[in-house]
Amino acid sequence: MEPMRRTALGMLAALPLVTLLLTATACSVTTEDPDYVPPAPLAPMAQLEQAPLANPEDFSGGGEDVLSFATEDRSIVCSLTSARGEHVNLPYEENSFSDTANNKLATVPVAQCELATYAEPARGDVKDDCAGTNLGYLGGVALLTPDAARYGECRSGVTQTEATYGPGGSKDGPLLQVRALANGQNLERNGLRCSAYNGGVACGNVSAGVGFFVSPQKYELISAPAPGTATAPADAPKTP
């Protein structure tokens, strides 16, 4: 019986150690609060003012004076760049920005975004008669200058972003080299900012109070209020 007695005593001595190990390795269980309501996303201009700035050198595309980025899902591609008249300097699309005939035009900073899928422009936001035809004003492109924002343009085909990432897109070409901007981060160039957030992209001139928000489902154009007028709610989207 002596061996049996020693074994029982050993088992009793080990009990505190077993209890300690079970306590140390216990798992906590998190339960969801059914009454929790996540906070609403910031209004576009507030997001642009408050979000942290990313390093612009990571998006400069080989030293050019252009910052290009895509959303993480590749549904939107944007550039903080320059324009001469209607000619926007985009590193991933053919354009006439550098043509000597356009040197007489003023160079202004702009932000331009293209979408793979998009909402159609509302009638009141159509700003071009497309050479008098009133045909071919399509959505999928947003442009910001220091004092105005617009959505849509006259064109006969798809944008580079739609051709690459849209329905039936090639998933090939220069846009694959465009780096993704992390959700919630900002980029800034020449007083204009863009931020990837809330399922889309906001771009704006914070000091002037103008900008836009675009996503595959909707868009919003933000205009500076006229002196002495009330400001419309910032979270009211302007959609077709």
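A residue is called buried when its relative accessible area is under 20%, exposed when over 50% and partly exposed in between (1.4 Å probe, protein chains only); by this definition Tyr-219 is buried, with a relative accessible area of 1%. The model is predicted, so local features need pLDDT of at least 70 and side-chain atom pairs count only at pLDDT 80 or more, while totals for chains, interfaces and linings use all residues. Residues are numbered from 1 along each chain as its sequence is written, and side-chain values use heavy atoms, with hydrogens and water left out.

**Aromatic pairs**

- The structure holds two aromatic pairs, where rings of Phe, Tyr and Trp (its six-membered ring) pair if their centres lie within 6.5 Å, and planes under 30 degrees apart count as stacked, over 60 as edge-to-face and the rest as tilted.
- Tyr-151 and Tyr-219 form a stacked pair, with 3.9 Å from centre to centre and 15° between the planes.
- Tyr-151 lies in strand E6 (residues 148-154) and Tyr-219 in strand E11 (residues 219-222), so this pair ties together parts that are 68 residues apart in sequence; strands (E, at least two residues) are DSSP runs, numbered from the N terminus.
- Tyr-151 also counts as buried, at 2% relative accessibility.
- Tyr-197 and Phe-213 have ring centres 5.8 Å apart and planes at 75°, so their pair is edge-to-face.
- Tyr-197 is buried at 6% relative accessible area, and Phe-213 is buried at 4%.

**Charges over rings**

- Arg-84 lies over the face of Phe-97, at 4.3 Å from the ring centre, given that a charge sits over a ring if NZ of Lys or CZ of Arg is within 6 Å of the ring centre and within 35 degrees of the ring normal.
- The charged end of Arg-179 sits over the ring of Phe-59, 5.5 Å from its centre.

Terms used:
Helix = DSSP H or I, 4+ residues; strand = E, 2+ residues; numbered from the N terminus.
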